[in-house]
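I opened my notebook to look up a few side-chain contacts. Here is what I wrote down, entry by entry.

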Amino acid sequence: MDAPLGDKLLRALPALAVRGGGLGLQIAMSLVIARLLGAEGMGLYTLYVTWLVLFAELISLGMPIYVLRTVAALKAQGHGAVAGGFLARALGLVVLIGAALMLLPWSFATPMAAVVADDASLAPALHIAAAGALLFASLRILAEALKGVGATQRALLAESAVIPLVVLGLLPLLLVEGVLNERHLLWLHVFAVTLALLLTLIFWLFARPRAAQLPQPQPSQPPPPSLPQPAAFTPPSIISSALPPLWGSTLLNMAYVSLPILILPQFASVDELGQFGVAFRLINLVTVILVTLGAIFGPQFAAAYTLRDASGLRQLLRRSQHFSLLLYGPVFIIFTFFAEPLLGLFGEEFRSAALLLAIMAMGQLVNAATGLVGYLLNMMHRERTEFMILLITGGFMTVAMIIGGTLAGMLGVTLAYSAGLMLKNLLSLLFSLRALRGLESAGATTTPSHAPL
């Protein structure tokens with residue numbers, strides 16, 4: 001009999017608590033930065049973080065999701081011991097290619113800043129983002145490997161809590177020394193990413209699966225009778241046909257998250273971008289919730305699909321929808337009915353973004369209600385379907401943002417962003433259900449899920 005939702009939530013509570021603590025630290029970091037550096041400083045920091053994440057996803061080659069899926073499948077099949085070698089090869093490939101790719105934004109930062117932000121003086125932020133991207137990409141891959149072997153809490157701690165903790169801990173030192181400015185803040189963030197990467201590597205060295213020690217036959221005993229040998233196991237390759245669509249989907253997902261920040265400089269000042277950036281970082285709370293649930297459900301999706309457990313996949317999808325709505329519901333109420341006083345905590349100049357926060361909250365409500373449909377498609381090896389959904393709806397969103405920004409500035413961009421997000425998640429839900437029906441009709445198992453949640 002299926003356990004009550006409350007019991008399932010209690011089982012997920014440690015991971016959610018770790019992520020929630022990290023989220024609280026991230027919000028506190030944004031609040032402190034906004035208070036110390038104002039809307040202009042917050043706007044520059046928002047641009048830097050957007051570029052850093054986009055560069056990191058660009059050079060990651062789709063490897064984080066591929067590593068999560070592969071490591072979880074290896075563990076489910078009893079071959080977890082080969083995960084370490086697979087991860088080392090994956091990291092080596094990304095570091096080698098990423099170092100070459102990041103030479104471009106480092107060398108051409110000034111013209112790039114003039115094009116993407118309409119302000120060549122922002123070139124130093126591009127330089128720093130390029131330097132930190134390689135570290136952040138490696139951090140993402142190691143964290144996904146930890147989730148694949150079940151070390152979810154440690155992965156979430158390293159990737160969500162360490163960076164804001166380091167920044168908040170060292171900001172007072174910069175302030176006392178009188179050297180706190182936008183550029184030093186960005187380099188401090190890169191230092192925090194470096195520490196988070198080192199901690200994640202240490203966690204992996206302790207959590208990685210190791211080869212089982214099989215008992216050796218005693219010399220005095222006769223040799224055992226011939227037994228049937230298991231099928232030959234081929235270690236997974238780091239180069240796979242799944243990588244291009246996974247990479248494309250990852251880049252498009254990041255574009256979805258970053259698109260308003262990339263387009264708004266064409267229609268708004270840096271101060272206005274800072275006001276929008278605070279609301280945008282708050283609304284990304286639902287993204288954090290879904291990423292946290294993805295760390296819990298993603299490996300279970302991959303394991304259930306490896307075992308062709310169709311009913312288990314349906315059950316896991318429903319649970320992800322229930323959890324998302326349960327966790328986002330209170331946040332939605334706050335963001336729609338108490339948006340103005342909430343934004344006022346960051347400074348009086350941020351209160352004018354209350355309407356933008358409420359509009360984005362409506363779009364993210366659909367995102368929460370549909371559950372982890374994108375994760376499900378990727379874990380079911382339907383990465384090409386997810387990529388095409390993202391590509392088509394991303395094109396629609398981009399055009400709508402440009403038209404909306406031309407007609408109504410920040411408000412038009414915000415409306416277009418929410419509409420595009422709703423469309424994307426509804427389409428992913430439709431194709432996820434279609435993939436599940438196909439799996440069932442192909443003769444998949446219909447036993448209840450073995451997943452712990």
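This is a predicted model: local features need pLDDT of at least 70, side-chain atom pairs count only at pLDDT 80 or more; totals for chains, interfaces and linings use all residues.

I began with Glu-340 and Arg-351, whose side chains meet in a salt bridge at 3.9 Å, N to O. I call it a salt bridge when a side-chain nitrogen of Lys or Arg is within 4 Å of a carboxyl oxygen of Asp or Glu. This pair links distant parts of the chain: Glu-340 is in helix α13 (residues 339-344) and Arg-351 in the loop between α13 and α14 (354-370), 11 residues apart. I take helices (H or I, at least four residues) and strands (E, at least two) as DSSP runs, numbered from the N terminus. Glu-340 is partly exposed with a relative accessible area of 42%, and Arg-351 is partly exposed with 27%. My cut-offs are under 20% relative accessible area for buried, over 50% for exposed, and partly exposed in between (1.4 Å probe, protein chains only).

Residues are numbered from 1 along each chain as its sequence is written, and side-chain values use heavy atoms, with hydrogens and water left out.

Next, how many salt bridges does a search of the whole structure find? I got 9. One of them joins Arg-140 to Glu-57, with the closest N and O atoms 3.2 Å apart. Arg-140 lies in helix α6 (residues 123-148) and Glu-57 in helix α1 (residues 5-60), so this pair ties together parts 83 residues apart in sequence. Both ends are buried: Arg-140 has 18% relative accessibility and Glu-57 has 3%.

I also looked up Glu-383 and Arg-384, a salt bridge with its closest N and O atoms 3.7 Å apart. Here Glu-383 is buried at 4% relative accessibility, whereas Arg-384 is partly exposed at 47%. Salt bridges with shared partners join Glu-57, Arg-140, Glu-144, Lys-147 and Glu-159 into one network.

Then I turned to the rings. I count Phe, Tyr and Trp rings (for Trp, the six-membered one) as a pair if their centres lie within 6.5 Å, calling planes under 30 degrees apart stacked, over 60 edge-to-face and the rest tilted. The count comes to 7 aromatic pairs. Phe-297 and Phe-323 have ring centres 5.8 Å apart and planes at 85°, so I logged them as edge-to-face. Phe-297 sits in helix α11 (residues 285-306) and Phe-323 in helix α12 (residues 310-337), 26 residues apart. Both residues are buried. Elsewhere in my notes, ring pairs link Phe-276, Phe-280 and Tyr-417 into a cluster.
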